[in-house]
Amino acid sequence: MQTFSRMLSITALAALLAFGSTSIAKAAPKTDFKVAWSIYVGWMPWGYAADHGIVKKWADKYGIKIEVTQFNDYVESMNQYTAGAFDAVTLTNMDGLSIPAAGGVDTTAVIVGDFSNGNDAVILKDKSSLADVKSQNVNLVEYSVSHYLLARALESIKLAERDVKVVNTSDADMVAAYKTVDVTAVVTWNPLVSTILEEPTAKKVFDSSQVPGEIIDLMVANTGVLKDNPNFGKALAGIWYETAALLMANSDEGKAAREAMGSASGTDLKGFESQLAATKLFDKPAAAVEFTASPSLPKTMDLVRNFLFEKGLLGNGAASADVIGIEMPNGKVLGDSGNVKLRFTETYMKAAADGSL
């Protein structure tokens, strides 16, 4: 089974930081674009769209070519994008800040596709209260969204990371680790959550639905490429909303699409629909625009940037969480306005909402 590795590679990040701002070559108008994606319930539409002619349809409309490549290694997809091998990539809001943005690559969120609404969870063995996590070893992928979720869970009961011991564990090893006697607490994501919860000892005590809108899944693109090639952004929006509408359709065609996406992600229809139920998917562009323009997004990104700064993941020698600027759709900037490297825009989602793609 393939799993989605929402994690940060410290070694990779250090290497990328060596690029600094020099990794941003001057973009120029072009006709061929490369998009990278990896396995996760909210990103399966990209693979489906590539396989079923939807990518070609929208690329043809704008007279361009779009090559969509699936990566089994999520971190590698981001590294390749940051190094300039791809024009766009799927990633989370946290990883967008900590990898390409921290690596000096000016990046824009073209599509706010979904947020985790229960797909990420804290699970205890034979304990049913989050408070029971105190003093336990907690197995998770260090510096991942799981680490962030643990921090938010502890904060909700007035505990801190010092009250537990984090044990770095690969997502590939998480299910097997849980089955060992020594492991009593894990934080992970679907489909691993569903698998672990099949164990009679497993009790979910906190999940991402309790911090809604904080773990956000995006399609981002190089800002320079997007600026010089707006039709690329329009095509991405067209691809996403056509495929997402199909994904959510209560029809035979929709069911067939969900079956295909489930199979491609290593599960069946039931398993995929279970993950989909724990995902707030923005299949309608107006809803995505509303979420992206809401006051909650700057608050979320403030939480995220402070978490990353505390973990030393915003670059060597970063004096504060302000080191990287994050631009909101209204033009306001969190952090250094002279070093904006992550941007949220309504432009392409709004074009879809207005019917002007």
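Guide: Helices (H or I, at least four residues) and strands (E, at least two) are DSSP runs, numbered from the N terminus, and the expected span of a helix is 1.5 Å times one less than its number of residues. The model is predicted, so local features need pLDDT of at least 70 and side-chain atom pairs count only at pLDDT 80 or more, while totals for chains, interfaces and linings use all residues. Residues are numbered from 1 along each chain as its sequence is written, and side-chain values use heavy atoms, with hydrogens and water left out.

Visitor: How do you know that helix 11 reaches close to its expected span?

Guide: Helix 11 (residues 252-264) has 13 residues, for which 18 Å is expected at 1.5 Å a residue, and the distance from its first C-alpha to its last is 18 Å.

Visitor: Which residues of helix 11 are buried, and what puts them on the same side?

Guide: Buried means under 20% relative accessible area, exposed over 50%, and partly exposed in between (1.4 Å probe, protein chains only); in helix 11 the buried residues are Gly 254, Ala 257, Arg 258, Met 261 and Gly 262. They cover an arc of only 135 degrees around the axis, so they lie on the same side of helix 11, where the arc is that of the directions from the helix axis to the C-beta atoms. The face turned away from that buried side carries the exposed residues Asp 252, Glu 253 and Ser 263.

Visitor: Why is strand 4 called largely enclosed?

Guide: Ten of the ten residues of strand 4 (residues 107-116) are buried, and therefore strand 4 is largely enclosed by the rest of the structure.

Visitor: What makes strand 4 and strand 10 a pair?

Guide: Two strands pair if DSSP finds at least two bridges between them, and seven bridges join strand 4 to strand 10 (residues 216-222), the two running antiparallel. Within this pairing, Thr 108 stands opposite Ala 221 in strand 10.

Visitor: Why is the contact of Asp 87 and Lys 30 called a salt bridge?

Guide: A salt bridge is a side-chain nitrogen of Lys or Arg within 4 Å of a carboxyl oxygen of Asp or Glu, and the side chains of Asp 87 and Lys 30 meet at 2.6 Å, N to O. The pair links distant parts of the chain, 57 residues apart.

Visitor: Are these two partners buried or partly exposed?

Guide: Asp 87 counts as buried because its relative accessibility is 8%, whereas Lys 30, at 33%, counts as partly exposed.
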